[in-house]
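Please keep the sequence and the model at hand while reading.

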Amino acid sequence: MNRFSSLKHMLVRQWQQYRLKEFEFDFLFDPVPEDEYVCFDCETTGLNPKKDKILTLSAVKIKGNNVLAGESLDLVVQHSGQIHEDSIKIHQLRHLDVQGGV
């Protein structure tokens, strides 16, 4: 990132923080620690990313060399369509497993 784009990025973040109406979310503008990451995983209705839908979305925080399983997120997306047979074999998610998702 060059100097100009870095300065632009900083100014945009400051402007967005200034315009924030719900101050309980102010922490989102804190600098991200260098040793923290979030790992995402999703399962889909099939193996074609252009046409298949997301069934589950999971995230877990990693800090240094530690996986913080207690700070994970697991969501099941409500789906009424078909789940491809190959997807069921790989992800082990059947139609009844994703009923009642968000």
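Is Cys39 buried, partly exposed or exposed? Cys39 is partly exposed, at a relative accessible area of 40%; the classes are buried for under 20% relative accessible area, exposed for over 50%, and partly exposed in between, with a 1.4 Å probe and protein chains only.

## Basis of the values

This is a predicted model, in which local features need pLDDT of at least 70 and side-chain atom pairs count only at pLDDT 80 or more, while totals for chains, interfaces and linings use all residues. Residues are numbered from 1 along each chain as its sequence is written, and side-chain values use heavy atoms, with hydrogens and water left out.

## Cysteines

A disulfide is a covalent bond between the sulfur atoms of two cysteines. Here it is counted as a pair of cysteine sulfur atoms within 2.5 Å, and by this rule the count is zero. Cys39 is in no disulfide, and the nearest cysteine sulfur, in Cys42, is 11 Å away. Seen from Cys42, the closest cysteine sulfur is that of Cys39, and the 11 Å between them is too far for a bond. Cys42 is partly exposed, with a relative accessible area of 36%.

## Overall build

The chain has two helices and three strands, in the order α-β-β-β-α from the N terminus. These elements are DSSP runs numbered from the N terminus: helices are H or I with at least four residues, strands are E with at least two.

The radius of gyration is 19 Å, whereas a compact globule of 102 residues would have a value near 13 Å. That radius is taken over C-alpha atoms, and the globule rule is 2.2 Å times the number of residues to the power 0.38. Along the principal axes, the C-alpha atoms fill a box of roughly 50 × 30 × 30 Å.

## Surface, contacts and charge

Buried residues account for 17% of the 102 residues.

Contact means heavy atoms within 4.5 Å. Of the contacts between residues at least 6 apart in sequence, 30% join residues at least 24 apart. The mean positions of the 12 positive and 15 negative charges are 9 Å apart. Lys and Arg count as positive and Asp and Glu as negative, with His and the chain ends not counted; each charge is placed at NZ of Lys, CZ of Arg, CG of Asp or CD of Glu.

## Selected residues in the strands

Glu43 lies in strand S1, residues 36-44. At 16% relative accessibility, Glu43 is buried. Apart from neighbours within four places in sequence, Glu43 is in contact with Lys53, Ile54, Leu55, Thr56, His91 and Leu93.

Lys61 belongs to strand S2, residues 54-63, and is partly exposed at 24% relative accessibility. With neighbours within four places in sequence left aside, the contacts of Lys61 include Glu36, Tyr37, Val38 and Glu71. Lys61 and Val77 are 16 residues apart along the chain, and their C-alpha atoms are separated by 21 Å.

## Selected residues outside the strands

Met10 lies in helix H1 and is partly exposed, with a relative accessible area of 39%. Its C-alpha is 20 Å from that of Glu36, which is 26 residues away in sequence.

Glu24 sits in the loop between helix H1 (3-19) and S1, where Glu24 counts as exposed at 54% relative accessibility. Glu24 and Arg94 are 70 residues apart in sequence and 38 Å apart in space, C-alpha to C-alpha.
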